[in-house]
Each structure stands twice: as C-alpha cells, then as structure tokens.
Amino acid sequence: MTILVIDDERDIQRLFEQRFRKERRNGTVDLHFAFSAKEALGFLKAEKAKDLQIILSDINMPQMSGLELLKGVRQQHPLLRIYMITAFDDKQNKQKAFDFGATDYLTKPINFDSLKKLIFNGEE
C-alpha cells in the first residue's frame with residue numbers, strides 16, 4: 001500500500017517511519033513524504049504516484065492549506081482515500097473537509113492503532 005503523508009513538520013516523517021516499521025519491513029506499506037502542498041502536487045504528477053492509494057494530509061500548512069490541496073486533488077483523483085489530520089478539532093474545518101471530499105478527519109495526536117485499523121480494515 002502506497003501512502004503519501006503531507007505535513008510541514010518534518011519530524012512527522014520519523015514518527016510515521018517508527019510507527020509503521022513492521023509494515024515497512026514486511027513490504028505492506030510504502031511511505032512517501034511531502035512537506036508542503038506544493039511538494040505533494042509535484043509527487044502526484046510523478047510516475048510513482050500511479051500506485052498511490054492513501055493521502056494523509058495536515059490541514060494547517062503555510063502557502064496552501066491541506067483543505068485547498070484536498071479540493072484540487074479530489075477533482076483529479078476521485079477514488080483516492082484522503083484523510084485530513086489536524087491538531088484542532090474545528091467544526092468548520094471538519095465540515096469543509098467532508099464537503100471537499102475527505103474520506104475522514106483525524107485529530108492529533110494521532111492514535112496509530114486506530115489509524116492502522118482505518119487504513120487496513122476501513123474501520124476505526
């Protein structure tokens with residue numbers, strides 16, 4: 001399963017790599033990282049994006065928010081599973097995320113056990 005994690009906080013990469021260590025080692029998960037919406041858009045245009053199945057995107061990022069990114073990506077990739085992640089459980093952002101086509105809306109700190117169930121089984 002190919003997953004793109006988008007977050008302007010670079011230490012999120014190490015956290016995800018640690019929490020998905022077993023899945024990465026046994027080849028069930030291939031993690032990619034983008035540290036801005038612009039970088040994510042570049043990834044989506046690349047050849048390696050053809051295997052992409054899930055996006056996990058932060059909402060609050062400089063220059064282009066995760067919600068703006070979601071709106072654009074959803075138009076081009078209607079079947080892609082896109083999970084929005086935020087430190088703020090804001091009803092307005094949550095509603096916008098679902099209006100723009102988010103698969104789900106998760107709050108930080110991320111519960112990785114729940115996230116894995118959601119990713120692999122479609123349930124939390």
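Guide: With one term: a residue is called buried when its relative accessible area is under 20%, and exposed when that is over 50%. Keep in mind that this is a predicted model.

Visitor: Okay. Which residues of helix α3 are buried?

Guide: Look along residues 37–45: Ala37, Ala40, Phe43 and Leu44 are the buried ones in α3. Down the axis of α3, they fall within an arc of 110°, so they line one face of the helix.

Visitor: Why do residues three or four places apart point the same way in an α-helix?

Guide: Because an α-helix has 3.6 residues a turn.

Visitor: How about the nonpolar core, then? Which residues touch the most other members of the largest one?

Guide: Leu4, Ile6, Ile55 and Met84 do, in a core of 22 residues. Two or more residues each come from β1, α3, β3, α4 and β4. There's also a second, separate core of 19 residues, with Phe16 and Leu118 among them.

Visitor: What happens at the two ends of helix α6?

Guide: At its start, a side-chain oxygen of asparagine 111 comes within 3.1 Å of the backbone nitrogen of aspartate 113. Just after α6, glycine 122 has a positive phi of about 75°.

Notes: Residues are numbered from 1 along each chain as its sequence is written. This is a predicted model: local features need pLDDT of at least 70, side-chain atom pairs count only at pLDDT 80 or more; totals for chains, interfaces and linings use all residues. Side-chain values use heavy atoms; hydrogens and water are left out. Buried means under 20% relative accessible area, exposed over 50%, partly exposed in between (1.4 Å probe, protein chains only). Helices (H or I, at least four residues) and strands (E, at least two) are DSSP runs, numbered from the N terminus. The arc is that of the directions from the helix axis to the C-beta atoms. A polar contact is a pair of N or O atoms within 3.5 Å; within protein, one must be able to donate a hydrogen and the other to accept it, and residues adjacent in sequence count only if both atoms are side-chain atoms. A nonpolar core is a set of buried Ala, Val, Leu, Ile, Met, Phe, Trp, Tyr and Cys residues joined through side-chain atoms within 4.5 Å.
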